[in-house]
Each structure stands twice: as C-alpha cells, then as structure tokens.
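Please look over the model shown here before reading on. The paragraphs that follow go through it one part at a time.

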Amino acid sequence: MNAFTVFLLKELKSIARDPKIIIGMIIAPIILVAALYGFMGSAMKQQIEEAARASGSVTLIDLDHGNWTQSLVKYLEAIGLNVTYSQKDAAPSISEITELMEEGAKILYVVPGGFSRNLTEMTTGAVECYVLMKSLSFIEMGVVSAAESYIKSFSESISKSILINMGVPESFAKYPVLSSSRVVLAGKVFGSPQTLVNLVLSLSLVMPLLVVMFIAFVSQYAVMAMAVEKEEKMFETLLSLPINRTTIIAVKLLVSIIIGLATMGVYAGIFMWFFSNAVSSSFEGSPQGQAGISGESINLFELVKPESMTLILIGLASVAIFMLSLLMLVSLFAEDVRTAQTFTGIVTFPVAFAAYAAMFIDIAVLPPSATIAISMIPVLNTAMSIKFSVVGDASLAALASLSNLAYAIVTVVALRSIVRSERVFVAKLSLKPPRRLFKKYGSA
Amino acid sequence: MSLSNAIVVEDVVKVYPNGVRGVGGVSFTVRRGEIYGLIGPNGAGKTTVLRILATILQPTSGSARVFEYDVVKRPEEVRKIISYLPEEAGAYKYLSGEEYLEFIAKLYSSSESEARETRELGAEISGLGDRLRDKVRTYSKGMLRRLLVARAIMVKPKVAILDEPTSGLDVVNAVIVRDIIKRAVREWGITVLLSSHNMLEVEYLCDRIAMIHRGKIIAEGAPKELLEDHGVDNLEELFVRLTGERT
Ligand SMILES: Nc1ncnc2c1ncn2[C@@H]1O[C@H](COP(=O)(O)OP(=O)(O)OP(=O)(O)O)[C@@H](O)[C@H]1O
Ligand SMILES: [Mg+2]
C-alpha cells in the first residue's frame, strides 16, 4: 500500500481524535469569532437601527413665525421625516436644547427670526442645526450629515424652483455643469476612478489579509506537526520505518494546508453569515436609502493580464510553501508542542507586519532600487504584487513571484536535506535548558 | 563479507555535535539468526550503536552494514529489512493498539492481504486480546512495551534491533517479552540485536554478547565461554573484574 496514503490516514485519524487539536484549532476560533461577531453584529445592528430612527425624526423650533419656515416643515414632512414643531419667541438656551433632544428627536433645528424675510428678499437664510451625540461613532456621524443634508436639499429645491419659475429647464436648473472623470493607468483609460481605486484598495487589503490568515491558521498545525511525533515518542521509530522521509514532510505539509484552508473556510462562512444577516438587514428601512455605489463595475481581468494573474498565483503558492517549510523547520527542532507554538509567533508576526506594510507603500515615489528590494521581500511582495501588475510593472510583478518561488525551493531543499540527515534527530530547540544525561560516562 | 553475517560493525566512532563521544571505536559481527546482546552500564554507548544501525545517526568514522547494505550509503534499503524498537518509544496515543499495528503493517507490506496477515500476527504476538481495541493512551507501561515488541517482530524483519526491550517491565511481562524474542528467532529466523543492562537476562537470552564500557567493547563472545574463560560465576562479576567498577 502507498506509504503516502497510509501516513496521511494515520495523521488525519490522530488529528480528528486529538481534543487539543480540535479545540485549539477549530472549536476555539469558531466560538471566539462567533461570540465576537455575534456581539459586534448585535451592537452594530442596534446602532444602525438607532441611527435610522434618529435621522428619521427632527424637532424644529420656529423663532421666525414666517411662511418659509412653514414650507421647510412641509418639505421635511414630504421627504418622510417625523417633525415635531414648536413656536417660541426667544432663542432656547443650551440646557433647553439638550433637554428637548434627550426627550425627543436627536436632530433639532432652530430657525432664527428673520429667516423668511431674508429669503423673500433673496438674502441667504440660516438654520441652526443641533445633533445629540453620545458615542461619537461613525454611525452618529451619519446622523450629523443627514441633518445637514435635509437642509441642503431644501435649499437646492428652493433654487431649483426659482430657476424653473424663471423658465429654466429642470435638468439644467439642478446641475448646469457635469464632469466625467477618466483615469489613465498603464496606458489604458478607465471610466470610473472611484470603482477602480475601490477595487485595487480592497484587493490590496484582502490579499495580505488572506496571506496572513492562511499563514496564521496553517502555522498552527505546521509548526507542531513534527513536535507531535516527538511528544508521542514516535519520532525515533518513524525515522527508522520504511517510509521516505520526504513523504512524511509532504504529508505534514498537506495536512497543514488542509487544516489551514478548512479553518479559513469556517471563518469565511461565519463572516459571510454575519454580513448577510446581522448587518445588511438592518440597513433596510433607513430613510436615507442607498449610499449609492454606482458606476460601472470593473472586471479584474481588465486590470491584470492573465499572464500576470498566473504569476501572482505562482507567487502566492510559493510564499505559502515557503512559509510552511520555514515553520516546518522550526517544528523539526522543537522538542515539544509548546516550544513549537512559542516559535510560531516569531514567524507569523513579521508576516503580518510585512503584509500590512504593503498598504502604506507608495511605489510611485520610491526609487527603483527600493521597489526592486520590496519586490524581493517575501510576503510583502505578495501583498504588493497586485499593485505591481495593475500599474503595469510586469518586471516587478515577475520578480516578486519568481523570488518567492526561489525562496520556496531553497527552503524545501533545506528541509529535505535536513530531514534526510541525522541533523533531524540530533539538533534541538528547547525552551528548557539542555539536559546532558549520563554525561559522566562520556569519554569525551 | 560472509553471507552468514547479518550485521558487521567496523571501528565505529560517534561524536555527537555537542562534542560528547557516544562510542569510540566499536567493532563486532552479528551472525544470521542469532540473538546478540550489547550490555553495559548507563551511558556506555549501547543506544548510540543501535541508532547507527537503525540509520538514525551516522557514524563519525568507521562503517556499519546490515546484510549487504551500508547504513550510510543505502539507508533506505536498510530500513526495509530492519525494525527498530527505541529505548523510549511510544505509540500514537489516539490510535487503538489495533490501528497502530495496522499502520505499521501497511508501511511494511506490499499488498492488502499481506498487511492483514502481518497485523493479525502482531495482535497474536502482543497477547493483548480485546484490549487492542482500546486507545494506546489507556495502556500500562507493560502493555505498551508488549505492543511495541509485537510491532517490531510481526513484520518479520531480517534484523530486529531492540533497545532495552524489557526495561521497566515486571517479571511476568519481561518473561513474555523474552519469549517473544526467542520465538522470533526460532519461528521466523529473525536476527536480533538487543541491548540491556540486565546482565542476567542477557546471559539467559543471548547467543553471544558484547560488553560495552565507555564507548568500547571490553569483552565479546558466548556468555558461557566468557564465564569459563575468566573463571567467574556470572556476567556481573565479569564486568566488575574487567572494569574495577560496580554496576
Ligand atoms: N543526542 C545526544 N547528544 C549528545 N550526546 C549524547 C546523545 N545521546 C547520547 N549521548 C551521549 O553518548 C554517550 C552514550 O550514550 P548512549 O545513550 O549510547 O548510552 P547507553 O549505553 O544507551 O546508556 P543507557 O543504558 O543509559 O541507555 C553518553 O555519554 C551520552 O551522554
Ligand atoms: Mg540506551
């Protein structure tokens, strides 16, 4: 029977039954993420609902007593707001304003005296706009902009109707001048800069995230893969069995990848569930309507040529193999699982750092020597490779992928030669001081 | 090299990377179908010699062959014809004894039916009966050692290398393990190289022995002849006579 399959089956069986592995690698993250997202989800949901409610009703204090204030109230009601209207003769004090907002709507407008007169005389009028904030969150910021936008759109509707009354066509009255933007990038013209930047930004955010996540999950097992054999006191036996040592490494790498991908899948599943259920549903019913990410969508393949795409994928696979074999090397020398896990941090931290450094690097302003250096730093170059390809720097993109491929080959060869020699057995990496047992008999 | 030799060790020196000399020039020959014992106190170098033969360590100088294969040049061939039981071996604790035997059997077998026969033989040799279905985690030290000895023998290697096969076992289990070793030689013609510091056990079990002290062989031969030649009653006495030390 094929030694690869036999060893793989043993490995999977042991993992499936080892509560340490199951709890540490799968159940704990799931509980953690579920709890985190569950909490964040419900908290965000609440906030969004709150914001929707808050921006759905306003209090208006009328010091003006004029017809323009009446049309403002009508306008606000017409766009679906719930308006609490009261007339006063003197400007309210801050404590009165606070009290009103605590009890009623979070948005409060004060229309000062003379507002209608100003407008009638074609002098600019002003409305004071108060918003009650409690947590200074982004969602509360949304309420502020909502409060301002109601007034702004009222203002626009006035000028529009004035212009229409003057016989100006409606479309011209609203926007007499329109602009249309084009971006020139790598010799191509793209119609929608916002979409383009969004796409590239999200790719350069998602790529490192994927790399870091993959390495973090994969390292969990890769780093303890050999240490487990030592802990089970099977390491010495294993080295004497008629199974190719490269096969052992290959199986351990494969299992690490399987577990890494499975864990990533679990996270992705939870993540998607969270966004599809918890958050999106609460956006409905907001009087704001859609934020409106309009514009045509851009196909990734328009930006990145298929051959660059292949290069990127090769680079991605190489960097994964490079990191995995690096972890496996650490694992080989670790005496026990705990030592191995301690060393994971040493490997994964620079990875996370490199991956995120990519977001702050502006290749356009760097000298060529620096970009070449960057394109040769593993992980960092993976994160940068999309940018390299998008800006059409094919040679940098190629350098990035090929240097990763070279690192992968070097580490795999190193791993293989160590595993095939006695170094795999003699070299040790331990957090405990080395024990020189029976040394007194050594005739050194 | 004569075809009747299973193992030939020639002037093997092993210096560990930390500078400790594990063995310092050891030569001996194990004949086909015999039980050969390495005896000596802790740290004498027994495990070091066995690890070199099991292709785990490489000698600093000298050479070692198992049948026609050099352990340094053809380790993969050597691994196919030996089975090695390390001194402090374990088994995968989340597998059952049965699954563990199956795992090993499959690695040594070329067909499904051969693997099944091997595994069944292992189950029989171990004498663990129904307990084989339990996880290795639940085994006592004696049960584990019996499982491991059975695993080493069931594959009918040309050479079984057993490092202290009875260490830590009570009288009953030690007797069972010794019987397994005798049976291995008698029924399947396996050559056995073992180590021990129990001189009485070795005297009973081995056809020939090598007494190792501080990395060198200080006496070699059949236990009876050694005793006669030196005019002592047992191997312990011989050891004291040769080294001036008490074991
Ligand atoms: N991995 C190692 N690294 C460094 N030195 C070692 C190593 N293993 C053994 N030694 C040294 O080699 C010498 C011989 O050790 P070895 O384990 O071969 O003795 P032994 O005869 O098997 O002893 P015991 O009866 O205690 O098992 C000792 O001095 C020991 O300290
Ligand atoms: Mg020993």
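A residue counts as buried when its relative accessible area is under 20%, as exposed when that area is over 50%, and as partly exposed in between. The model is a predicted one.

Take Thr118(B) to begin with. Its relative accessible area is 10%, and the limit for a buried residue is 20%, so Thr118(B) is buried. This residue sits in helix H4 of chain B, which covers residues 112-126. With neighbours within four places in sequence left aside, the residues in contact with Thr118(B) are Ala105(B), Ser109(B), Met154(B) and Val155(B).

Helix H5 of chain B takes up residues 141-154. This helix has 14 residues, and its first and last C-alpha atoms are 20 Å apart, close to the 20 Å expected at 1.5 Å a residue. H5(B) is mostly covered, with 13 of its 14 residues buried. Just after H5(B) comes Lys156(B), which has a positive phi of about 45°.

How do H5(B) and H6(B) lie relative to each other, roughly parallel or roughly antiparallel? Helix H6 of chain B spans residues 171-188, and its axis comes within 10 Å of the axis of H5(B), the two crossing at roughly 5°. Angles under 35 degrees count as roughly parallel, and H5(B) and H6(B) are therefore roughly parallel to each other. On the H5(B) side the contact is made by Gly142(B), Arg146(B), Val149(B) and Ile153(B). On the H6(B) side the residues are Asn173(B), Ile176(B), Val177(B), Ile180(B), Ala184(B) and Trp188(B). An α-helix has 3.6 residues a turn, so residues three or four places apart point the same way. By class, this contact has seven nonpolar, two polar and one charged residues.

Thr47(B) lies in helix H1 (residues 46-53) of chain B and Glu87(B) in the loop between strand E6 (82-85) and helix H3 (97-108), so the pair ties together parts that are 40 residues apart in sequence. Thr47(B) counts as buried because its relative accessibility is 15%, whereas Glu87(B), at 29%, counts as partly exposed.

In chain A, Leu163(A) belongs to helix H6, residues 138-165. Its relative accessibility is 29%, so Leu163(A) counts as partly exposed. Beyond its neighbours within four places in sequence, Leu163(A) is in contact with Val168(A) and Ala173(A). Val266(A) is 103 residues from Leu163(A) in sequence and 58 Å from it in space, C-alpha to C-alpha.

Notes:
Residues numbered from 1 in each chain as written. Chains lettered and ligands numbered in written order. Predicted model: local features only at pLDDT ≥ 70, side-chain atom pairs only at ≥ 80, totals over all residues. Heavy atoms only, no water. Helix = DSSP H or I, 4+ residues; strand = E, 2+ residues; numbered from the N terminus. Buried < 20%, exposed > 50% of the residue type's maximum accessible area, 1.4 Å probe, protein only. Contact = heavy atoms within 4.5 Å. Expected span 1.5 Å × (residues − 1). Axes fitted to C-alpha atoms, helices over the stretch in contact; angles between N-to-C directions. Parallel < 35°, antiparallel > 145°, perpendicular 65-115°, else oblique. Nonpolar A, V, L, I, M, F, W, Y, C, P; charged D, E, K, R; others polar.
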